[in-house]
Amino acid sequence: MTAVTPLARASWALADGWTVARRDLIHWANQPMTVVFGIAFPIMITLAFGYLFGGAVRVPEGADYFAFLMPGMYGMTMLFGLSATMIAVTTDVSKGVTDRFRSMPMAPSAVLIGRALADLLNSVLVLAGLLACGLVVGWRPATLSGALAAISLLLLLRFALLWAGIYLGLLTKDPGGVVAIQTLEFPIGFLSNAFVAPSTMPGWLGAVSEWNPLSSTVAATRELFGNPGWGGESWVAQHAILMALLWPALITAVFFILSVRLYQRLDR
């Protein structure tokens with residue numbers, strides 16, 4: 001009997017994963033308002049922050065508020081997608097869709113990979129819409145190469161959070177449990193450098209804020225976009241780009257393994 005090589009297994013998982021991803025893409029094509037609302041929501045939040053609160057916020061270096069705000073909103077949008085992934089996973093589990101997939105001759109990780117691919121593509125559309133909004137209100141990146149690098153870091157964080165969302169969705173199994181995660185998204189997002197300088201927080205809270213993975217990505221994207229930021233004297237603040245690579249790698253490694261193992265144990 002011929003042994004299956006790791007490369008062959010990976011190719012099989014990716015092929016099956018793309019098949020599952022196409023199912024979600026077709027679903028969105030049949031219900032486009034889901035995608036439209038997903039794009040419109042962060043734009044509405046951005047405009048609300050920019051025009052309602054912009055005049056009351058002291059921006060670093062005296063820069064335009066939108067130049068400071070947009071990288072923070074890009075990072076927050078990557079975080080907001082976590083609950084959307086959880087909803088999709090828990091809905092499939094509760095409706096028996098996941099059980100039907102598990103009965104098919106496909107790679108064990110294909111369902112999870114398919115969900116991650118579909119949600120990542122959706123995140124690209126949402127981020128593109130928000131980038132367009134930023135350009136309309138006057139935000140500009142300093143260089144094209146820096147902008148591409150910053151966008152890559154944002155999507156890298158989103159990919160990592162996808163696996164956290166998949167794991168939490170499999171763990172709760174109940175769409176009602178998603179409400180708790182949705183409630184926590186805003187506190188986690190605000191406990192970062194996206195809108196407030198960690199140096200203005202109490203010492204221990206500022207340290208937590210600086211070590212928030214979102215803070216590293218937001219600080220790195222501000223640097224790459226050439227936009228104003230808070231800076232900071234701590235090691236993690238001084239090495240934002242490095243941490244914006246390390247945090248997503250760590251989160252992906254942990255939650256991918258946990259998700260696959262939990263998926264294989266469902267209803268056993």
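## Close-up views of a predicted model

**View 1. The largest pocket.** The largest pocket has a volume of about 950 Å³. Of its 30 lining residues, those closest to the centre are Trp28, Thr34, Ala84, Ile87 and Asn122. Helix 1, helix 2 (32-53), helix 3 and helix 5 each give two or more residues to this lining, and helix 3 provides the largest share, ten residues. Sorted by class, the lining of the largest pocket has twelve nonpolar, eleven polar and seven charged residues.

Residues are numbered from 1 along each chain as its sequence is written, and side-chain values use heavy atoms, with hydrogens and water left out. Helices are DSSP runs (H or I, at least four residues), numbered from the N terminus. A pocket is an open set of points on a 1 Å grid over the protein atoms alone, with protein on both sides within 12 Å along at least five of seven lines; in a cavity, a 1.4 Å probe fits but cannot get out, and lining residues have an atom within 4 Å of a point. A volume is the space filled by probe spheres set on the points, which are joined across faces, edges and corners. Ala, Val, Leu, Ile, Met, Phe, Trp, Tyr, Cys and Pro count as nonpolar, Asp, Glu, Lys and Arg as charged, and the others, Gly among them, as polar.

**View 2. The largest cavity.** How many cavities of 30 Å³ or more does the structure hold? There is one, and about 90 Å³ of space lies in the largest cavity. Among the residues lining this cavity are Val20, Arg23, Asp24, Asp92, Arg115 and Tyr263. Helix 1 (6-30), helix 3 (65-94) and helix 5 (110-136) each supply at least two residues of the lining. By class, this lining has seven nonpolar, one polar and four charged residues.

View 3. The structure holds four salt bridges, each a side-chain nitrogen of Lys or Arg within 4 Å of a carboxyl oxygen of Asp or Glu. Asp24 meets Arg23 in one of them (3.2 Å, N to O). Arg23 is partly exposed, with a relative accessible area of 31%, whereas Asp24, at 6%, counts as buried (buried means under 20% relative accessible area, exposed over 50%, partly exposed in between, with a 1.4 Å probe and protein chains only). Asp24 also forms a salt bridge with Arg115 (2.9 Å, N to O). Arg115 lies in helix 5 and Asp24 in helix 1, so this pair ties together parts that are 91 residues apart in sequence. Arg115 forms a salt bridge with Asp119 too, with the closest N and O atoms 2.8 Å apart. These two residues are four residues apart in helix 5, which means that about one helical turn separates them. Through shared partners, salt bridges join Arg23, Asp24, Asp92, Arg115 and Asp119 into one network.

**View 4. Cys133 and Met44.** Cys133 is found in helix 5. Its relative accessibility is 8%, so Cys133 counts as buried. The C-alpha atoms of Cys133 and Met44 are separated by 9.7 Å, although the two residues are 89 residues apart along the chain.

Terms used:
Predicted model: local features only at pLDDT ≥ 70, side-chain atom pairs only at ≥ 80, totals over all residues.
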